[in-house]
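Here is a short briefing on the structure shown below. It covers packing, strand pairing and charged side chains.

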Amino acid sequence: MEPIIAIVLALIGYALGSAKIINEGNAALVERLGRRHRTLNPGLNFIVPLVDQVVMEDTTREQYIDIKPQNVITKDNIYLEVDAILYWRIRDIEKSFYAIENLQGALMQLATTTLREIIAQNTLEETNVTREEMNRTILVQLNETTATWGVEIIRLDIQRITPPESVRKSMEEERAAEIKKRALISEAEGERQAAIKKAEGTMSSMQIIAEALRSNPESKEILRYLVAQDYINASYRLGESPNAKVVFVDPGKSGDLMKEVIAESTNTESNGNGS
């Protein structure tokens with residue numbers, strides 16, 4: 001009876017020793033007698049105790065490496081402090097174990113070196129403007145190397161590009177000057193448009209008055225009254241200002257003058273229509 005118990009216990013021990021459970025999102029690498037044997041996928045797997053050995057188990061999910069601030073020199077010799085985050089995942093667990101000694105350390109060094117090289121090819125202004133393009137360029141260069149390590153670089157996000165204090169101050173002053181310039185241009189454009197609208201309104205009014213005079217000569221008396229009223233209103237507005245000089249004009253003479261101007265405008269319009 002005892003030998004049977006011993007055999008059962010041995011079988012149970014063998015089963016326990018040979019069973020390996022790999023969690024979802026992970027993979028494991030097995031060596032047999034010191035040589036690469038096979039990869040264990042998620043779920044229940046069996047190996048040969050004492051012969052097979054799990055030498056590595058790692059996640060195949062997306063991971064990230066925080067690249068600490070790095071001092072970088074741009075093409076126009078400006079010192080910048082740049083930090084970024086690198087997102088990556090293992091595609092081939094065998095390559096990631098056998099092709100490189102310290103995978104995360106190698107990824108950190110490779111990303112840092114590539115980041116410095118790409119920024120050194122651009123000026124400070126280009127670095128700020130073409131950040132997305134730089135990210136794509138760095139991503140392509142990284143994947144060319146990491147493919148042999150069984151690793152895929154998913155993306156590299158440049159978080160901050162910090163220039164020296166003196167450069168930041170100059171950039172802020174430049175932006176403020178540009179904003180002020182745009183405001184002045186907008187104001188001048190608004191005044192120009194207002195002047196155009198006012199001139200168009202005056203022209204339309206003159207044409208309407210000219211047409212009224214041409215069709216109804218009796219309306220000239222009404223016109224004389226309106227012109228005299230305008231002069232009175234203008235004199236009143238001048239009188240409200242403490243720095244203004246009050247000028248009184250004879251409404252009768254001004255009406256004659258206004259009629260001459262309108263008559264000239266009417267003649268000009270008639271000649272234009274006749275031609």
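L107 touches I65, L86, W88, T146, W149, V151 and I153, leaving aside residues up to four places away in sequence. The model is predicted. L107 is also one of the residues with the most contacts inside the largest nonpolar core.

**Nonpolar cores**

- The largest nonpolar core has 32 residues.
- L86, L107 and L156 have the most contacts inside this core.
- The elements that give it two or more residues are β2 (26-32), β6 (63-73), β7, α3 (103-120), α5 (131-146) and β8.
- Helix α3 supplies the largest share of this core, eight residues.
- A second, separate core has five residues, including A28, V30, L40 and I47.
- In soluble globular proteins, nonpolar side chains tend to be buried together.

- I47 sits in the loop between β4 (43-46) and β5.
- Is I47 buried or exposed? I47 is buried, because its relative accessible area is 6% and the cut-off for buried is under 20%.
- I47 and S18 are 29 residues apart in sequence. Their C-alpha atoms are 4.7 Å apart in space.

**The three-stranded sheet**

- Three strands make an open sheet, in the order β3-β2-β5. The pairing is antiparallel.
- Which strands are at the edges? They are β3 and β5 (52-59), and each pairs on one side only.
- From one strand to the next, the twist averages 25°.
- Seven bridges join β2 and β5 in the antiparallel sense.
- N26 has T59, in β5, as its bridge partner.
- Strands of a sheet pair through backbone hydrogen bonds, either parallel or antiparallel.

**Salt bridges between elements**

- The count comes to eight salt bridges.
- E94 and R36 meet through their side chains in a salt bridge, at 3.6 Å from N to O.
- E94 lies in helix α2 (residues 93-98) and R36 in strand β3 (residues 35-40), so this pair ties together parts that are 58 residues apart in sequence.
- E94 is partly exposed, at 22% relative accessibility. R36 is exposed, with a relative accessible area of 51%.
- A salt bridge also joins the side chains of D83 and R160, at 2.8 Å from N to O.
- What does this second pair tie together? D83 belongs to strand β7 (residues 79-90) and R160 to strand β8 (residues 151-162), so the pair ties together parts that are 77 residues apart in sequence.
- D83 is buried, with a relative accessible area of 6%.
- Side chains of opposite charge can pair when their charged atoms come close.

**A salt-bridge network**

- R155 forms a salt bridge with D157. The closest N and O atoms are 3.6 Å apart.
- R155 is partly exposed, with a relative accessible area of 34%. D157 is partly exposed as well, at 29% relative accessibility.
- Which residues are linked in the network? E62, R155 and D157 are linked in a network of salt bridges.

Terms used. Residues numbered from 1 in each chain as written. Predicted model: local features only at pLDDT ≥ 70, side-chain atom pairs only at ≥ 80, totals over all residues. Heavy atoms only, no water. Salt bridge = Lys/Arg side-chain N within 4 Å of Asp/Glu carboxyl O. Helix = DSSP H or I, 4+ residues; strand = E, 2+ residues; numbered from the N terminus. Buried < 20%, exposed > 50% of the residue type's maximum accessible area, 1.4 Å probe, protein only. Core = buried A, V, L, I, M, F, W, Y, C linked by side-chain atoms within 4.5 Å. Contact = heavy atoms within 4.5 Å. Pairing = 2+ DSSP bridges. Axes fitted to C-alpha atoms, helices over the stretch in contact; angles between N-to-C directions.
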